[in-house]
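This briefing summarises the architecture, packing and selected local features of a single protein model. The points are grouped by topic.

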Amino acid sequence: MEPPPIATTAPPAVEVTESDAESESVALELKAAGNDQFKRGEYAAAAASYTAALAALGNGGGPDGASHRRALLSNRAACYLALDRPGDAVSDCDAVLEGDGGHLKALWRRAQAHEQLGGEHLDDAMKDYTRLLHMDASNKKATEGARRVREQLQVQQSAKLQGTTVPGLLARISDRKGADVDASAADLRRLAGLTADPSKAVHVVRERAIPLMSAAAGSSNEALAAPALTVLANVLEAGISAAATQILQALPLGRLGELSRSPKREIASPASVVLSALASSGISRCPGGLDDAIAFEAMKTLVSTIETAELPQN
């Protein structure tokens with residue numbers, strides 16, 4: 001006995017209306033114009049042509065409408081890349097890949113856009129380049145893109161690790177040479193926290209960074225001065241004898257005295273600690289002769305005055 005025939009349902013025929021045919025025709029003409037403009041390097045004009053083509057196509061365009069929309073969006077993304085508008089390029093490529101995850105041009109352009117954006121977008125760029133290589137291992141452009149992004153990610157990771165150690169933070173502050181004060185202030189705050197551990201405070205001396213910290217401590221910028229003073233106080237409280245002489249050479253006592261009388265506790269408190277530590281250190285032997293001896297006696301008088309006064313309240 002023969003099995004009963006399996007019922008099959010044919011896909012519904014897509015009715016192509018005169019309106020669909022007309023919108024498709026207009027869209028294709030605009031697309032062709034955009035292609036010519038792109039070849040001539042007229043990227044803004046080409047993007048405008050592709051946008052007009054998308055508007056003409058709307059949600060219609062017959063059975064090929066979706067394919068036309070993806071091509072137009074991908075082409076416009078290429079324009080946005082050339083116009084240094086990577087965020088817009090990502091949006092267009094996302095729209096294409098939602099409908100066709102294997103669209104190579106859109107994937108390639110999105111990878112480039114993420115790479116242009118840089119920073120936190122580099123991980124997404126690497127994912128797209130890797131996906132392209134899984135689809136076509138011989139893609140030389142994707143291979144080169146993945147190499148570039150991998151190097152940038154390694155630099156990022158190195159910078160992150162650098163920001164977790166005393167030598168790394170000192171190097172970052174020094175490399176800025178006074179630029180990007182906000183970033184340096186943030187790194188100094190991290191240093192202040194790390195150097196509370198005496199085993200880490202010693203690195204400030206080992207890295208020969210006392211002059212750098214002293215310059216920041218004497219700065220008129222309180223965001224730099226407060227944490228730098230705390231770092232110096234931590235170094236002195238760790239009992240690192242070499243630090244006292246270096247601080248006296250780099251940070252004028254008069255400036256230290258001013259800082260210790262600051263109305264802000266976060267400045268006055270560590271400045272007072274630095275002065276007291278200097279006064280009680282072995283620097284009292286004053287190897288530099290009379291000038292050092294006079295300076296040292298002035299410092300002891302200043303410290304005595306400070307110790308009898310109350311620190312400012314917040």
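Ser 220 is exposed, because its relative accessibility is 71%, and exposed means over 50%. The model discussed here is predicted. Its secondary structure comprises 16 helices and zero strands.

**Overall composition**

- The protein has 314 residues, of which 39% are buried.
- Among contacts in the protein with a separation of 6 or more, 58% join residues 24 or more positions apart.

- Ser 220 belongs to the loop that lies between helix H11 (210-217) and H12.
- The C-alpha atoms of Ser 220 and Leu 259 are 9.7 Å apart in space, while the two residues are 39 residues apart in sequence.

**Packing of H12 against H13**

- Helix H12 (residues 222-237) and helix H13 (residues 241-250) have axes that come within 8 Å and cross at roughly 145 degrees.
- On the H12 side, the contact involves Leu 232, Val 235 and Leu 236, which meet Ala 243, Ala 244 and Ile 247 of H13.
- The residues of this contact comprise six nonpolar, no polar and no charged.

**Nonpolar cores**

- The largest nonpolar core contains 41 residues, and the members that touch the most other members are Leu 191, Val 235 and Leu 256.
- At least two residues of this core come from each of helix H8 (166-176), helix H9 (181-194), helix H10 (198-206), H11, H12, H13, helix H14 (253-260) and helix H15 (265-279).
- H12 provides the largest share of this core, with nine residues.
- Beyond its neighbours within four places in sequence, Leu 191 contacts Val 166, Leu 169, Leu 170, Ile 173, Met 213 and Val 231.
- Another core, of 30 residues, lies apart from the largest one; Ala 46, Ala 113, Ala 142 and Ala 146 are among its members.

**His 114 in H5**

- His 114 is located in helix H5 (residues 104-117).
- His 114 counts as buried because its relative accessibility is 7%, and the limit for buried is under 20%.
- When residues up to four places away in sequence are not counted, His 114 touches Val 90, His 121, Leu 122, Asp 124, Ala 125 and Asp 128.

- Helix H3 (residues 65-82) has 18 residues and, at 1.5 Å a residue, should span 26 Å; its end C-alpha atoms are 26 Å apart, so the two values agree.
- The expected span uses one less than the number of residues in the helix.
- The buried residues of H3 include Gly 65, His 68, Leu 72 and Leu 73, together with the run Ser 74, Asn 75, Arg 76, Ala 77, Ala 78, Cys 79, Tyr 80 and Leu 81.
- Asp 84, which follows H3, has a positive phi, near 60 degrees.

**Aromatic pairs**

- Two aromatic pairs are found in a search of the whole structure.
- One of them is formed by Phe 38 and Tyr 43, with 5.1 Å centre to centre and 65 degrees between the planes, an edge-to-face arrangement.
- Phe 38 is partly exposed, since its relative accessible area is 30%.
- Tyr 43 likewise counts as partly exposed, at 29% relative accessibility.

How values were computed: Residues are numbered from 1 along each chain as its sequence is written. This is a predicted model: local features need pLDDT of at least 70, side-chain atom pairs count only at pLDDT 80 or more; totals for chains, interfaces and linings use all residues. Side-chain values use heavy atoms; hydrogens and water are left out. Axes are lines fitted to C-alpha atoms, for helices over the stretch in contact, and angles run from 0 to 180 degrees between N-to-C directions. Helices (H or I, at least four residues) and strands (E, at least two) are DSSP runs, numbered from the N terminus. Contact means heavy atoms within 4.5 Å. Ala, Val, Leu, Ile, Met, Phe, Trp, Tyr, Cys and Pro count as nonpolar, Asp, Glu, Lys and Arg as charged, and the others, Gly among them, as polar. Buried means under 20% relative accessible area, exposed over 50%, partly exposed in between (1.4 Å probe, protein chains only). A nonpolar core is a set of buried Ala, Val, Leu, Ile, Met, Phe, Trp, Tyr and Cys residues joined through side-chain atoms within 4.5 Å. Rings of Phe, Tyr and Trp (its six-membered ring) pair if their centres lie within 6.5 Å; planes under 30 degrees apart count as stacked, over 60 as edge-to-face and the rest as tilted.
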